[in-house]
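Please keep the sequence and the model in view while reading.

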Amino acid sequence: MPAKAVTLTVPELTFWERIYLVEVAKGLFRTMSHLLRNLLPTLKTDAYALFGKLPPAGERSIPTIYYPEEKRNYSNRFRGRHILKKRADDTLRCVACYMCQTACPADCIDIVAGEHPVLAYEKYPVKFEIDLLRCVMCGFCVDACPKDAIWMTRDYELSFFDRKSAVYGIPELTEKPGDTAEGGPGYGYRPYYGASPMRKAGEFQPSGLALMPFLDLRNKAINRMPAPAAPPAAPPAAKPAA
Amino acid sequence: MSTDAPVSTVSFAPVLERKFAGRARPEASGRGDVPTISVDPASLHDVALFLRDDPSTRFDLLLDVASIDRSKLPAEQLPRDGKRFQASYILYSTRRNEHLRVKAAVPEARPSLPSLVDVWPAANWFEREAWDLMGIDFENHPNQKRLLTHNGFVGHALRKDYEAGQRWLCTEEDILQTDLASKTETAEDAFETMTLNFGPSHPATHGTLRAVFRLDGETIVAAEGECGYLHRCFEKMSESHTYSQVIPYTDRLNYCSPMINGNGYARAVEQMLGVEIPPRARAVRVILSEFSRIMDHLVCIAANLVDIGALTNFWFLFQAREEIYGLLEACCGARLTSSYARIGGLSNDVPENFVEWSRRLLVEVKKQVDEVDRLVSRNGIAMKRLRGTGLVTKENAIAWGFTGPCLRASGVPYDLRKDKPYDGYETYDFDIPVMNDGDNYSRYYVRMEEMRQSARIIEQGLSRLPSGPVNSDDYRVVLPPKEMVYNEMEGLIYHFKLVFEGIQVPAGEIYSSTEGANGELGYSIVSDGSGRPYRIKVRPPCFPLFAAFEKMVVGGMVSDAVATLGLLNIIAGELDR
Ligand code: SF4
Ligand code: SF4
């Protein structure tokens, strides 16, 4: 039995509370006070609305957000639409390693890898599709990427007229200037760079894990990869995204 | 990961041996797991009676019936007795503060066990579920029929040879043929009574639940609850996902307080792995769990007050909830689908202004709660609606498997945060509010007080929030920091292994419980040593609550049934999984 259980008792009603009328008045007073406190600024809102404007946020006491003219401010961790990041030379950072596809619990990423003409980049995604109708916006793909290639934005206004258009391919996913421009959604969920203080203090030990021979690991990973479709006919320009 | 050998921790082993020599044996249980005994099916009923009544056992609360199909275990773990199915009864003793798992294995040819409904009435729906999803037959069960699936369903979905993704047509007859509805046509009193269907999409059910009432005038003379409308195969799906990939699924269990589910799940797996999470992660989990608890209670009370006609409070309370969502979103990136917990820590550190923000928020939340308290707690109408309705005595609450605020409103001070402290709850100073009436008013009032206690916990947590990392340093469990992944081969290998193979949880079994907003949220996890859970069974706190609903409302009026349903706080997401 826990040491600290407090037994509550039902509050006893006083005579005035029992005859109720006084209480009705008191309750009404309480709710009315809220109403009045809200009403005045609301009238002001209406006045602004006459001129098709929104009142400045400071002049309101009600928490209602006038969507869609006005949008909720989300934090810069918000998990919205994905973007594929680009290198300085405008190619996609993604090397088609299938990690995000493997980590995705909703099984909604579809990648086909191709040989990149730039030797150092090795591979690139010929096809990179996210089915946003299946996606649960968990951000696991962001966590899984070893190349810092996929981030999320704060864009949550995703609506589609048909299922096909909900499948975003490379053109839709590639980061665009508008994503971070003034009035754009801005970056959301990013990889957590974290800190490993033990490691910094030189204490990090691989804790007895029998490291798998790297080759074996690679074979395993490669086995899971679907064979790339026909190699791209003409080597694409340095910019794989259309 | 330590290698301490499993030991048996059954305290009453000598008595058990004396009474049931050979027919019930203590078993070794793994690290962090509850004590376990295994029982021959033939003696299960006798052992159950002994466990419930003997002074050395006194397991009065049946928490869960988890079932497992062991046929696909790796060869070295296959059961030696060759019995394919096994049921695990999770018990708790409110007097001795002890958990126990009782295992009984049955062969494939005749998978039948004696029903324990007469020992613990709470077993009723749990056994129905085990029959529905695993096909274990319970002899003498009063009402053994489908529960989470519908009557047109063929097979038992959680058997390992059942292929996920099959579809079964559910015709209108499959839905409408509840016994209750058909009985009215033939019963002698059909002339006097009428059947009223309530739900599954009725505004007062706050979710997709269904109840069918038989009414005599306005009085309910019989009732039957039905669930399963929101069944999403959580347990089946988790078997084909890695341990980390299950986390997003847990958000959708109790969607009014998603963080608690994720934290509880992560903790269960951490216990199996023997991984300690850093103090900062523990404190953050506690703080956000308590915020979630407040949120859950806010929704429960707000929605219930709407049902009984007090709309204003809804706005007051939902504003508070809205603001809490803002804080949660700043931590994890989503308001509801939080997925914040990771096995071994958290997905991200809390934002910089977390402490200040939470403090400010707490002031606002308390203000709104006090406002509602002033409006409702001493309100004559609310009292008349809530007092004396939906009565559950202490004995019934235990027998029906209640936990959480509903059990405490019936006078049993069982709270895992005090009784089996986890995540450092033992270091916080807070009270467990209890009421003895067991009516709707108690359930309302206990929740009001719990919110204040949660606020106390949060304040303490904020004032001593430790600094440091939020993730364990064990890179077999936690993804290594990105700087390592991008720059070092070693980091990349760990990363690769984790993503492609998942966390390798050692073979074993655990029952790990968390105090959810609605009661004891239990995860029974069985691992076969691979990267995917072999079986996960969730003990949803509101499952026994809804099972008892049909008994609680009999004799009352329909409008009281609505108040009762609201204050039991049935969340369809966790009820149906
Ligand atoms: S956010 Fe989650 S569900 Fe969506 S694509 Fe990424 S991993 Fe898959
Ligand atoms: S994990 Fe990153 S690099 Fe690998 S395929 Fe996905 S986006 Fe590309």
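The points below cover the interface, the strands and the ligands.

This is a predicted model, in which local features need pLDDT of at least 70 and side-chain atom pairs count only at pLDDT 80 or more, whereas totals for chains, interfaces and linings use all residues. Residues are numbered from 1 along each chain as its sequence is written, chains are lettered from A and ligands numbered from 1 in the order in which they are written, and side-chain values use heavy atoms, with hydrogens and water left out.

**Interface of chain A and chain B**

- Chain B contributes 80 residues to the contact and chain A contributes 63 residues, contact meaning heavy atoms within 4.5 Å.
- About 6400 Å² is buried between the two chains, 59% of it on carbon and sulfur atoms; buried area is the accessible area (1.4 Å probe) that two parts lose on being put together, summed over both.
- Two salt bridges are counted between chain B and chain A, each being a side-chain nitrogen of Lys or Arg within 4 Å of a carboxyl oxygen of Asp or Glu.
- A:Arg30 forms a salt bridge with B:Glu371, with the closest N and O atoms 3.1 Å apart.
- On the side of chain B that touches chain A, helix α18 (residues 489-501) gives the most, with 11 residues; helices (H or I, at least four residues) and strands (E, at least two) are DSSP runs, numbered from the N terminus.
- By class, that side of chain B has 38 nonpolar, 17 polar and 25 charged residues; Ala, Val, Leu, Ile, Met, Phe, Trp, Tyr, Cys and Pro count as nonpolar, Asp, Glu, Lys and Arg as charged, and the others, Gly among them, as polar.

**Strands**

- Strand β1 (residues 5-7) of chain A pairs with strand β13 (residues 432-434) of chain B in the parallel sense over three bridges; two strands pair if DSSP finds at least two bridges between them.
- A:Thr7 stands opposite B:Val434 in β13(B).
- In chain A, three strands form an open antiparallel sheet in the order β3-β4-β6.
- β3 (109-115) and β6 (167-168) of chain A stand at the edges, each with a single partner strand, so one side of each lacks a neighbour in the sheet.
- β3(A) pairs with strand β4 (residues 123-131) of chain A over seven bridges, and A:Gly114 has A:Tyr124 as its bridge partner.

**Ligands**

- Around ligand 1 there are 14 residues, of which A:Cys104, A:Cys135, A:Cys138, A:Gly139 and A:Cys141 come nearest; a residue is near a molecule or strand if one of its heavy atoms lies within 4 Å of it.
- The shell around ligand 1 has 12 nonpolar, two polar and no charged residues.
- Ligand 2 has 14 residues around it, with A:Cys94, A:Val95, A:Cys97, A:Cys100 and A:Cys145 coming nearest.
- The shell around ligand 2 has 13 nonpolar, no polar and one charged.
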